[in-house]
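Dear colleague,

I am passing on the structure below, and I would be glad if you could look through it alongside the notes that follow.

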Amino acid sequence: MSTAQGRGTHAKAILGPELYAKLENTHVLLVGAGGIGCELLKNIVLTGFGRITLLDLDTIDLSNLNRQFLFRKKDVKQSKALVAAQTASAFNPNVKITPIHDNIKEPQYDIPWFQQFDLVLNALDNLDARRHVNRMCMAGNVPLVESGTAGYLGQVQPLLKDRTECFDCIPKPTPKTFPVCTIRSTPSQPIHCIVWSKSYLMGQLFGEDEDADAGGELDAAEKEGENAQEIDALRKEATAFKAVRDALRSPTNQDAAHLVFQKVFNADIKNLLSMSDMWKSRSPPIPLDFEGIMNGSFVLRQGANADASTSKLPEAALKDQRTLTLKDNVSLFIESTNRLADRLRNGEDTISFDKDDDDTLDFVTAASNLRSSAYGIETKTRWEVKEMAGNIIPAIATTNAIVSGLIVLQALQLLRKSYDKLRNVHLQFKPAVPLSTISLSLPNPQCGVCRDTYTVLRCDPARATLGEVVKGLLGEDEREVSVYEGQRVLSDPDWDDNNERTLESLSVTRGKFLAIVDEDGELTTLSVGIALLPDDHPADAPPFILPSPLPQPARRVKPPPPAPETPHKANGNGKRLLPVELDDGVIDMAPTPKKPKRNGLAPASVPNGPVSVGTKRKATGREGEEDKSSPSKKRRLEEEGLVVMDGVDDKLEEEPDFILIDD
């Protein structure tokens with residue numbers, strides 16, 4: 001038996017000849033060639049999937065090599081997709097792998113492009129990209145297997161339009177944010193200082209000149225009620241950054257790093273200290289003295305760990321795990337700032353933080369530790385800063401391998417169309433039960449992604465107008481609709497100024513969606529994916545091709561009514577209130593009076609008639625007969641302390657105070 005024939009012997013025996021033969025012609029899109037992607041590519045190549053398109057935007061970094069085994073040190077800085085495809089092709093020469101070094105969100109990857117695949121496998125670590133792929137698969141009705149890992153934890157989730165919930169059926173938690181004044185004026189945790197260094201200081205010094213945008217951010221913070229005096233100081237601080245930015249970009253200024261230090265860690269802190277109200281209930285920061293730190297005469301607050309002269313780890317320890325002294329941080333800040341300034345002078349327009357960029361990581365480490373020292377906050381090692389600034393959860397090769405195998409198992413169930421055997425699979429940090437499976441849930445009726453009605457409109461955006469496109473898609477349906485693209489309103493029943501404009505002039509081009517929303521909310525949203533006309537479309541033909549038949553949005557499932565709330569207690573003793581009319585005609589609320597007792601005896605039944613509060617008497621019906629028609633109702637009224645009178649002329653046996661409810 002030849003090597004080529006023997007390669008698939010075991011897979012054929014396990015899968016059966018019918019399914020194994022189907023794999024050869026199955027076209028799979030694998031999005032992502034990182035930790036999961038490398039393992040998954042190896043698995044589907046060895047399983048026998050015949051046609052694989054591998055797409056990834058990233059390049060190989062040195063830190064990838066401990067778990068992404070398709071790469072070698074010689075491949076650093078090269079495309080992950082290209083190198084992974086080249087390496088994996090040797091595992092099975094019968095498989096055709098097409099690598100693409102690109103962003104999956106580019107417009108050419110539209111609905112028709114996704115529809116060429118039999119199966120899509122996600123190996124992404126980016127929430128925005130995962131949501132995009134989910135929507136494209138829902139729109140194109142292409143089966144998707146979603147996956148993810150976090151340390152020892154992992155999950156695999158098969159997604160199928162109209163049969164299972166989609167990735168967006170359950171809202172995802174939003175990343176934690178911090179108030180702008182906490183980050184920029186009153187940090188209290190190491191993460192506050194790290195976010196400040198990475199997102200604010202890096203951008204102010206080495207990013208685009210965003211003074212106008214910074215002003216808008218501060219305006220918004222002021223509207224939200226943050227300290228007005230503090231915000232005014234921050235505005236002055238933003239203006240002062242201009243001179244420092246110019247110094248960093250000037251080829252003749254060799255003292256720019258020192259200027260940055262003096263402004264950020266001395267002058268700005270002194271400016272904040274001038275606002276005494278800010279420090280009434282918190283410990284004020286200490287301005288850092290550059291010369292004093294370098295010559296050893298500067299002393300921080302007693303007990304601050306930042307002025308320690310020794311590291312917690314021995315000198316032989318890894319560089320990234322050493323605890324830096326205050327002087328170490330100052331030296332690192334000056335060195336990294338000078339390196340970044342040289343990059344600007346050599347032609348780089350802007351520099352942003354990248355956890356794998358040593359210059360930016362050194363800068364953020366030093367800047368955040370210096371700020372922590374000034375505010376009396378614990379400092380962090382370079383490795384800890386990298387984890388926190390890069391939002392890194394340690395990646396474990398074994399977890400990636402297990403999840404990749406589970407993805408293939410779910411993919412095979414999709415190809416078999418064994419939908420009843422599909423499962424959400426969770427990898428848990430529980431040695432006794434490392435894997436758990438959950439039956440798939442049905443789509444969320446209120447989901448704004450998979451519950452839309454999708455269609456494709458092939459058109460020439462430069463010639464097709466918004467009005468004729470919407471009219472063509474609705475056909476004879478004359479209901480009132482609004483039209484959106486993303487968050488932009490393009491038209492509504494009271495505003496049709498854009499109807500004569502072309503889609504291109506409205507920036508509605510290939511890969512984007514038009515959302516046609518029913519104004520009455522009775523029908524689901526019609527999401528129209530824009531695609532290009534076929535190459536053979538006649539030039540004198542209409543500028544778009546309507547789908548046939550026209551899409552018919554389904555009736556929207558109304559959300560269930562909210563459960564009735566428990567009435568609020570009106571007073572501390574838990575009694576409900578009865579209306580009381582005061583002398584001036586105002587209706588006041590009073591607690592229900594206590595149930596009166598007669599001679600210590602329990603009250604009798606409640607008769608029919610007008611309701612008053614007073615002494616109970618025996619309930620009688622007509623002709624003096626005892627009324628037993630509704631004992632449960634009488635009991636409830638009695639428990640409320642109410643008496644039902646037989647008529648308006650009926651007299652109470654006693655004359656207590658009472659409130660006449662029905663006069």
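This is a predicted model: local features need pLDDT of at least 70, side-chain atom pairs count only at pLDDT 80 or more; totals for chains, interfaces and linings use all residues.

Residues are numbered from 1 along each chain as its sequence is written, and side-chain values use heavy atoms, with hydrogens and water left out.

By that criterion, strand E9 (residues 453-459) and E14 run antiparallel and are joined by 2 bridges, and Cys459 has Phe544 in E14 as its bridge partner. Both strands belong to an open sheet of 6 strands with mixed pairing, ordered E11-E10-E12-E13-E9-E14, whose edge strands, E11 (488-491) and E14 (544-545), each pair on one side only. Packed on this sheet is helix H18 (residues 466-474), which touches E9, E10 (481-485), E11, E12 (513-518), E13 (526-532) and E14, contact meaning heavy atoms within 4.5 Å. The direction of H18 makes about 60 degrees with that of E12, where axes are lines fitted to C-alpha atoms, for helices over the stretch in contact, and angles run from 0 to 180 degrees between N-to-C directions.

A further open sheet, also of mixed pairing, is formed by 8 strands in the order E3-E2-E1-E4-E5-E6-E7-E8. Strands E3 (96-101) and E8 (435-439) stand at its edges with a single partner strand each, so one side of each is left without a neighbour in the sheet. The twist from one strand to the next averages 15 degrees. Strand E2 (residues 51-56) pairs with E3 in the parallel sense over 6 bridges, Leu55 having Ile100 in E3 as its bridge partner. Helix H5 (residues 80-89) lies across E2 and E3 and runs at about 165 degrees to E3, whereas helix H17 (residues 397-416) lies across E4 (119-122), E5 (144-150), E6 (153-159), E7 (423-427) and E8, at about 165 degrees to E5.

Leaving aside residues up to four places away in sequence, Ala139 touches Ile111, Gln115, Tyr454 and Phe513. Ala139 and Lys161 are 22 residues apart in sequence, and their C-alpha atoms lie 8.4 Å apart.

Terms used
Two strands pair if DSSP finds at least two bridges between them. Helices (H or I, at least four residues) and strands (E, at least two) are DSSP runs, numbered from the N terminus.
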